Amino acid sequence: DHNAYEVTVNLEGEVGGTHTLVFPKGTTLKEVLENLTYSHLANKNAVQLYRKSIAKLQKQLLDAQLKDLEARVLTASSVTTGGAAIRKEEAQLILDFIQRAKKVQPRGRVVLNNETNLSKIILESDDTIFIPKKSNIITIQGEVKIPGAQTYVPGYKIDDYIKSVGGFTDRADREHVLIIRQNGKIITYDADSFFRKNVIILPGDSILVLGKPNSENLQITKDITQILYQIAVSAGVVLRLF
């Protein structure tokens, strides 16, 4: 494979023509994008690149974090009998969460910022280039009362969209709200911070509200928060904790 002279690239979304193409090894993303036939609905400013090698790395990192969390849960101890009973019940819930998290398959998305030099991105075999459709929809997922989609309203802030779906649930981690742009860029938002800066919501954005772990063990809480964040970023989904 290292000595191959060609790479196979998959095209998805708002492009015409063949969706599986073969290019000479060394072809750049810029060269491919300049020669595509786009539909009139294509959002050329939000091109997405998915790479299998990145997905594999994301999966390895996630599995390592889950293994470490599992070890912490199984070795945690309690001083009192009552505390031990509570710890046992909590441990089972976390172990169930770990099993569900192991089934998550990262997508291997490579974020293309506006400043990215596309002529420097050499395509690999089995890369997928996705051209999204122009969207006027905002999706709100995770720990909100009525997850769903809303039409984009100019001037609406994050809090306005959260209120439009019933507000946060009791499990919501209000300090870790994620905004995912159509090109995959991640922006974090702390809804509880007095000094929070307003984030401009753009058409096609997704708002993900993570769950807040409820554990007396601060290290386990930190580990779960990191895992939830990683799953949301790498797979684009919010996994419920319990």
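Two strands pair if DSSP finds at least two bridges between them. I kept that rule at hand, along with the one for elements: helices (H or I, at least four residues) and strands (E, at least two) are DSSP runs, numbered from the N terminus.

**Ground rules.** I am working on a predicted model, where local features need pLDDT of at least 70, side-chain atom pairs count only at pLDDT 80 or more, and totals for chains, interfaces and linings use all residues. Residues are numbered from 1 along each chain as its sequence is written, and side-chain values use heavy atoms, with hydrogens and water left out.

Entry 1: I began with β8 (residues 172–180) and β10 (residues 206–211), which pair in the antiparallel sense over 5 bridges. I then looked up Leu 178 and found its bridge partner in β10, Leu 208. What is the order of the strands in this open sheet? I read it as β7-β6-β10-β8-β9, 5 strands with mixed pairing. At the edges I found β7 (148–151) and β9 (186–189), each pairing on one side only. From one strand to the next, the twist averages 20 degrees.

**Entry 2: the other sheet.** I also found an open sheet of 5 strands in the order β2-β1-β5-β3-β4, again with mixed pairing. Its edges are β2 and β4 (109–110), and each has a single partner strand, so one side of each has no neighbour in the sheet. I checked β1 (residues 6–13) against β2 (residues 20–24): they are antiparallel, with 5 bridges, and Glu 6 stands opposite Pro 24. Their hairpin has 6 residues between the strands, and there Gly 17 takes a positive phi near 85 degrees. Further in, β3 (residues 48–50) and β5 (residues 128–131) pair antiparallel over 3 bridges, with Tyr 50 partnered by Thr 128 in β5.

**Entry 3: helix α5.** I saw that α5 lies across β8, β9 and β10, at about 20 degrees to β8. For that angle, axes are lines fitted to C-alpha atoms, for helices over the stretch in contact (heavy atoms within 4.5 Å), and angles run from 0 to 180 degrees between N-to-C directions. Buried residues (under 20% relative accessible area; exposed is over 50%, partly exposed in between; 1.4 Å probe, protein chains only) in α5 include Ile 220, Ile 224, Ile 227 and Leu 228. Just after α5, Gly 236 has a positive phi of about 75 degrees.

**Entry 4: cores.** A nonpolar core is a set of buried Ala, Val, Leu, Ile, Met, Phe, Trp, Tyr and Cys residues joined through side-chain atoms within 4.5 Å. Which members of the largest one touch the most others? Out of 19 residues, they are Leu 69, Phe 97 and Ile 224. The elements giving two or more residues to this core are α2 (52–75), α3 (81–102) and α5 (218–235). Leaving aside neighbours within four places in sequence, I listed the contacts of Ile 224: Leu 69, Ile 94, Phe 97, Pro 213 and Leu 241. Another core lies apart, with 18 residues, among them Ile 138, Phe 168, Val 177 and Ile 201.
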